[in-house]
Amino acid sequence: MSEAAIEDNLKQFLLVLAVSLSVATLPQIVSWFRQIPYTLLLVIVGLGLAFVNVRLVDLSPELILSIFLPPLLFEAAWNLRWLDLKRDLFPICLYAIAGVVISILGIALGLNQLAGLPLTTALLVGASLSATDPVSVTALFRELGVERRLTTLMEGESLFNDGMAVVAFSFLVGLPLGTKSLEIQSILIQFFSVVGIGLAVGSLIGFGISYLTQRFDLPLVEQSLTLVSAYGTYLITEDLGGSGVIGVVTTGLILGNFGSRIGMNPRTRIIVTEFWEFLAFFVNSIVFLLIGDRVEFAVLGENLGTIALTVVAMIVTRALAIFGLSGLSNKLVKSDIPLQEQTILWWGGLRGSVSIALALSIPTILSEREEIVATVFGVVLFTLLVQGLTVKPLLEKLNLLGDQPLRQQYAEAIARLTALDRVLQHLQRVEKRPGVEPEFYRYQEQLVKGELNRLQEEIERLQNEYPNLQNFTTEQLRQELMATEADTYAELVKAGRLNRELAPFLQQNFLEGSDT
């Protein structure tokens, strides 16, 4: 029986991979599908499979969080740059802490008073839906070239409020089971305990691996260490009574911003980043397929009223949290988050993989489990299929695209010009290599030169038509100079010629120069 179960699980794994890859390639075949983000396409495909009663995977609730959460959280933390995060740390923390509380209480009170749900059940729904999942939205941001700050705000909020939501959910799920009570003192003690343990374990593992990878240069080993650290941090922290989510986020931030600089060479960083991009792609594929695939249309129909009330309560509480907390942040620390960006943060606060994972992890002994799962699924579907598909028109309406697509086009042309120029230099160095016909060299050289001329003409045309690109080019050069300086410090630390990384000299001088 065990061999049959393993074979069946392997078939399910291959089926999920085949469906995911098919959906990923669909937009390349049919151009119309490029208007729909990849994750939303997965949800739609999952709904289609559910309609014909094809079920891809069947995981136990106990495995949902421990399988899906660590890679999703680690990948997001690894790619979040600390310098970007530090600028808006105050509003992000406000969204992640106060915003989660507002969301839980608002949704719970709405469902309790208007839908008549028991308070414990309503609180679990609120906790599940307090975690935002902007994967679809941020992918759209990158495609459209939206300002980087808006992406950082959305990703930073999601990363931290995932931890808050899981901590709150872990506490609230004990209420209907009778293992927890709503006492302020016990809530605060547990909160600081689980967060403190998560931060401690995450920091210990993050810094430990950072200094360990300074001792060797083995890309595959270092890549494997990041995978072990993600799952290991989660499991160890949970065993110690802390928040595995907080631990994984802490480890990811440290390794992505510190460990990858002092312990990995640039090539290894690229290998590790690409590995986590694949893992996040695959896990997200499973989760978003699950969102559609696990839908029970009959159960959704039975809870349609509750789902509608939850959607309204979620949108209203999200508006109160984003607009209210943004105004507070603008007043207290001069965050200068404009109303247009606040609107996108409000409407783009989609719910997805974490909400589904939390709902599916509710113990089966709870009689309200099916109603909670159906409600969460229905709301997640609404945010993905309604809000997710209307974010792009809203960005255009609010004039938040600006000249970012143009900048992206210009940056890509510069990158291709630089890369092909190096190719040409390499061709000239190896021109006399034995065994290669001279005609082949001449053909390759003419091919590269022709493309270089075309790119040069395109760059000149863009510069003539859009003079504002001059400032963009200057800013790009500044960033390259600062990155070169920072990488040099990291190499010297790794070689043992410096005890610690130095503060970027050029960054301070650039700032002073811009002030003058």
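**Helix packing and salt bridges**

Modeller: Please keep in mind that this is a predicted model.

Colleague: Why are H5 and H15 called roughly antiparallel?

Modeller: Helix H5 (residues 89–115) and helix H15 (residues 304–333) pack at an angle of about 150 degrees, with their axes 8 Å apart. Angles over 145 degrees count as roughly antiparallel, and H5 and H15 are therefore given that description. Their crossing is right-handed, and the residues of their contact divide into 19 nonpolar, eight polar and no charged.

Colleague: What makes H8 oblique to H10?

Modeller: The axes of helix H8 (residues 148–172) and helix H10 (residues 184–212) come within 11 Å and cross at roughly 135 degrees, which makes the pair oblique. The contact is made by Met 164, Val 167 and Phe 171 of H8 together with Ile 187, Gln 190, Phe 191 and Val 194 of H10.

Colleague: How do you know that Glu 451 forms a salt bridge with Arg 416?

Modeller: The closest N and O atoms of Glu 451 and Arg 416 are 3.6 Å apart, and the rule asks for a side-chain nitrogen within 4 Å of a carboxyl oxygen. This pair links distant parts of the chain, with Glu 451 in helix H20 (residues 438–465) and Arg 416 in helix H19 (residues 404–429), 35 residues apart.

Key:
Residues numbered from 1 in each chain as written. Predicted model: local features only at pLDDT ≥ 70, side-chain atom pairs only at ≥ 80, totals over all residues. Heavy atoms only, no water. Axes fitted to C-alpha atoms, helices over the stretch in contact; angles between N-to-C directions. Helix = DSSP H or I, 4+ residues; strand = E, 2+ residues; numbered from the N terminus. Parallel < 35°, antiparallel > 145°, perpendicular 65-115°, else oblique. Contact = heavy atoms within 4.5 Å. Left-handed = near helix turned anticlockwise from the far one by under 90°. Nonpolar A, V, L, I, M, F, W, Y, C, P; charged D, E, K, R; others polar.
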